[in-house]
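Please read these notes with the model open beside you. Each numbered point takes up one topic.

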Amino acid sequence: MNGHFCICVALISVASGGAVAQSTPIGCRDLADRDARLTCFDAWVQQQGRPDAAGAPPALTPTSAPKSIAVSPMSNSQRLAAQLSDVTRFWDLEQATARDNLEIRGYRPISLMVATADNVNTRPTSPTNGPASNATAYSATELKISLSVRTKIASGLLLQGSSPLRDSIWFGYSQQSYWQLFNPAISRPFRATDHEPELVYVLPHGLPLPGAWTYRMSGVGVVHQSNGQSQPLSRSWNRVYVMAAADKIIANGHRFTLQARAWQRLAERADADDNPDISNFIGRAEVAVRWSFDSLSDQDQASHTVGVSVRHSLKSAARGSLRLDYFRSLGVANSGLRLHIQLFTGYGDSLIDYNRKRTVLNLGLSLVDW
């Protein structure tokens, strides 16, 4: 039964004094659509004011009239219970709200952005490949294109049956390109394109943590990243990683997410390693924090997300990167289309720049969570 039908059932039940099935907290909680859950919980609260709410509704006679309903506003705790965790929704951690296997879904933001940097790598180099034979007159302003999709391959491998939680295996693919669109002097080439397929296993938990946080999931994955270039511009590496995520929803509906990843590079033969020192620059671990909230003006409701991501080499020669993101919904708040502003500083903005420090400001549009 879809969310709209459940809303109708709840409203008809209230209007008719119980002539149809009652709303229940469990039934409301399992609704995937947030608006449907909130409406269902409101209807349930209203039902608690009827003397006959716990039993069968009395039959109406021509001389009887529906009992008046005592309407109580939903408490903050009830509204919090009705909100679905962002981590739970994103990784399909609960069977009741999970989507089907093999659906194509968003992963990282799909973006089209104008990027301007403090410098551009005109002659890339690495310890094994040396510098490019000639410098190329690249412009520091270019177009950044990011594509990223994923699909759930399987679920319920370890957690199944009566458990409300479901573990799962996912395949994802991400691609990022820098296009010299504003550089006609060199025929507008693509300066860099990175490809990143990965496989990840996700195990849900739902464990309470201090400060009203909830430890939602752990995961382990393997990822390959390469730029598909020939020597001396070839760059690639393979990693295995572990990750964990927690989140928190506070009374005003603001949502906070914390995710950490640590990885180990898989060794390659020395004569086949294009970038043996890549972990010392891009890093060995990452922590990402996200804050999401809604705002309501006289015109419309907007969704906002602020994110901070830090990578670190975990060595005495501290390198890595810092990325700041701001998203604001455009059009309908849940459309997925966002204004996206991003500031990056550090190493690894692209594979060809893994050992070159850059500061890049990106401005454009992104599609998220579709």
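**Notes on strands, rings and a surface patch**

1. Strand E12 pairs with strand E13 (residues 358-367) in the antiparallel sense, over 10 bridges. Two strands count as paired if DSSP finds at least two bridges between them. Helices (H or I, at least four residues) and strands (E, at least two) are DSSP runs, numbered from the N terminus. Thr345 has Thr359 as its bridge partner in E13.

2. The model is a predicted one: local features need pLDDT of at least 70, side-chain atom pairs count only at pLDDT 80 or more, and totals for chains, interfaces and linings use all residues. Residues are numbered from 1 along each chain as its sequence is written, and side-chain values use heavy atoms, with hydrogens and water left out.

3. Strand E12 (residues 337-346) also pairs with strand E11 (residues 320-329), in the antiparallel sense and over nine bridges. Here Leu322 has Thr345 in E12 as its bridge partner. Leu322 itself lies in strand E11.

4. A nonpolar surface patch of about 800 Å² includes Leu322, Leu324, Ile341, Leu343, Leu361 and Leu363 among its residues. Patches are made of residues with over 30% relative accessible area and no salt bridge; like charges are joined within 9 Å, and nonpolar side chains (Val, Leu, Ile, Met, Phe, Trp, Tyr) within 5 Å. A salt bridge is a side-chain nitrogen of Lys or Arg within 4 Å of a carboxyl oxygen of Asp or Glu. Accessible areas come from the Shrake-Rupley method with a 1.4 Å probe; for residues, only the protein chains shown count as cover. The elements giving two or more residues to the patch are E9, strand E10 (301-312), E11, E12 and E13.

5. Buried means under 20% relative accessible area, exposed over 50%, and partly exposed in between (1.4 Å probe, protein chains only).

6. Strands E6 (residues 214-226) and E7 (residues 236-249) run antiparallel and are joined by 12 bridges. E7 and E8 form a hairpin with five residues between them, and Gly253 in the turn has a positive phi of about 90°.

7. How many aromatic pairs are there? The count is eight. Rings of Phe, Tyr and Trp (its six-membered ring) pair if their centres lie within 6.5 Å; planes under 30 degrees apart count as stacked, over 60 as edge-to-face and the rest as tilted.

8. Phe256 and Trp291 form a stacked pair, 6.3 Å centre to centre with 5° between the planes. Phe256 is in strand E8 (residues 255-265) and Trp291 in strand E9 (residues 285-296), so the pair ties together parts 35 residues apart in sequence. Phe256 is partly exposed at 24% relative accessibility, and Trp291 is partly exposed at 32%.

9. Phe90, Trp91, Tyr107 and Trp170 form one aromatic cluster. Arg108 lies over the face of Tyr107, 4.8 Å from the ring centre. Elsewhere, the charged end of Arg191 sits over the ring of Tyr178, 5.0 Å from its centre. The rule asks for NZ of Lys or CZ of Arg within 6 Å of the ring centre and within 35 degrees of the ring normal.
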